[in-house]
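Let's take a walk through this one, starting with a pair of helices and moving on to some charged side chains. Have the viewer open as you read.

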Amino acid sequence: MHLRVLPLLFCLALPAAAQTHSARGPYQVGFTQRWIVDSTRTYRYADASGRVLSDGPRPIAMNVWYPATGGGTPLRHGDYFDGAIPAGAKLPSVFGAITRALAVHHRRTATIELTRVQNVDSLDAAHRAAVDAFLEAPVAARRDARRAIGRFPLVIYISGAGASWDDNAALCERLASLGYVVVSSAWQRGDGTNLGTHDRFRTVEGDVRALIVEAARHDGADWTRVALIGHSAGAQSAIRLQTEGSSPARAALILDTTQDTWSLTDERWGDGGFLDVIRNRYHRASGTFLFATVPEAQFQVGDTLTNSERWYLTLPHLDHNDFIAQGIDGRRVRADAERRAGKPVTDSIETAAVIAVNAFLNGYVVATLAATLRSDTAARATLRAPLPQPLGGNQSRVEHRNIGESGPPSWQPSHGAPTPAQWRRLLLTGDHDTAFRILGDAWRADSTVPLFHQNVGLAIIRERLAAGDSLGARAIHQRYLALAPRFSNIMNAMLSWGSAMTSFAPNEPERAAIWYRYAVMLDPSNAKAREQLEAVERRMKR
């Protein structure tokens, strides 16, 4: 790793935006913002305090990065929030209120994500100065620059739940410099009661289709060459769009759905029917998929999409937000705040590793787009090439599924430790003695491989519990405990998830109760699990 990472340490003192926002293609980068309306949908307009002003057609923000040849006004990162967004003639007179409210909301959301401080009004001087420096730093885009002549492939970027609309601006700038029109939006809730993103899938789907039409008409986009890029809940929306049966996109690039590690029976992704849709419409999926996520992923969703070509890329070191630019920006902002406060920078080595892996991911994204939207044979060869070993050793891998292929390839002893998906198949289709003998051999050879991540065992045990197989789940758990004491953390993880669901969804106690029930099913003698379950069930009866 050191050959790829250490040179980046010297960059950590630079302003965050200046480091991240460096386009690399032959074009300059233009940027423009405007609103369009969808008169087929109703939206409730409110001001920044939430006071309802009127009902009207749904407004859709368009943030457009495009290939340019010069001119335009240089931008700072803060201009992604502060720039004036022209209002179209069809918009109601109260439209200025939502424009101002969205700008405030997204700037505030970005500050929370960058600093990890929920109450941004309480930021100390060092963090405030670091955020201000980030917002003042120049980016690669220039507002309203001259458009390059031609029709360019179109990329729709869908941000995650609760995200700010600038969260992957650096990637959008890079793609525009390489000759793509990139469009994103605010993805605000459909009923207008909240400016947060992703309350219902149909809101996102309707916005995506309207943006494609508008970009093809006015932004030089080629609507026959379209790809979706989504992060987190936005990645889930991209998958759902591709299973609609009429998606115009040739490819969907899926950046850490958060679900890839878990089972298709996991209720945490039941909101909005995401997994129900996958189970019921998998055969309608179209285009090529790239799933990029963490090393312990099992890719159960991807393996259902057998009518599509799929690439699976697992990468080490990345937290959830490190799959997008904002994760990198946040690490740099927090490091800057530490320096300003006279404190030692706590994670410079880790940040350098994350930067290197994120850069590799973005290169893989570029290659996937070139292969699918431009039929670039060299780019396709890049996708098939072995991953560089310094990238993460046994923590990174790339897998390919052709159309018609379901599930991982059969495990062969000569290939080393099974992948998490191969281990699940061995366990569910063979006898436990053979499966755990293979697991034990892998443990003795290298206990650091992704197969031994806690979430792999937790996901498999939870899947058995969800199927009502308490005895099977207990047997698997006991075999894990016999392998190494550290797997006692599987029970602790269940209790932690129950506590997390209590905090995350206090008005939906059933979400916590599910975890406590599973914990009791796994170990009926666990007093803490029983106590927590009884407490949650009492709240449910109120």
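At what angle do helix α5 and helix α11 pack, and how far apart are their axes? Keep in mind that this is a predicted model. Helix α5 (residues 125-136) meets helix α11 (residues 325-340) at about 130°, and the axes are 8 Å apart. The crossing of α5 past α11 is right-handed. On the α5 side, the contact residues include Ala126, Ala130 and Phe134, while α11 brings in Asp329, Val333, Asp336, Ala337 and Arg340. Sorted by type, the contact has 8 nonpolar residues, 1 polar and 3 charged.

Now for the charges. The whole structure holds 35 salt bridges. In one of them, Arg34 pairs with Glu214 at 3.4 Å, N to O.

Arg380 and Glu309 make another, with their closest N and O atoms 2.3 Å apart. This one connects helix α13 to strand β11, 71 residues apart. Here Arg380 is partly exposed at 29% relative accessible area, whereas Glu309 is buried at 11%.

Asp347 lies in the loop between α11 and α12, so the pair ties together parts 16 residues apart in sequence. Arg331 is buried, at 3% relative accessibility. Through shared partners, Arg331 and Asp347 belong to one salt-bridge network with Arg116, Asp319, Asp322 and Glu350.

How values were computed. Residues are numbered from 1 along each chain as its sequence is written. This is a predicted model: local features need pLDDT of at least 70, side-chain atom pairs count only at pLDDT 80 or more; totals for chains, interfaces and linings use all residues. Side-chain values use heavy atoms; hydrogens and water are left out. Axes are lines fitted to C-alpha atoms, for helices over the stretch in contact, and angles run from 0 to 180 degrees between N-to-C directions. Helices (H or I, at least four residues) and strands (E, at least two) are DSSP runs, numbered from the N terminus. A crossing is left-handed if the near helix is turned anticlockwise from the far one by less than a right angle, and right-handed if clockwise. Contact means heavy atoms within 4.5 Å. Ala, Val, Leu, Ile, Met, Phe, Trp, Tyr, Cys and Pro count as nonpolar, Asp, Glu, Lys and Arg as charged, and the others, Gly among them, as polar. A salt bridge is a side-chain nitrogen of Lys or Arg within 4 Å of a carboxyl oxygen of Asp or Glu. Buried means under 20% relative accessible area, exposed over 50%, partly exposed in between (1.4 Å probe, protein chains only).
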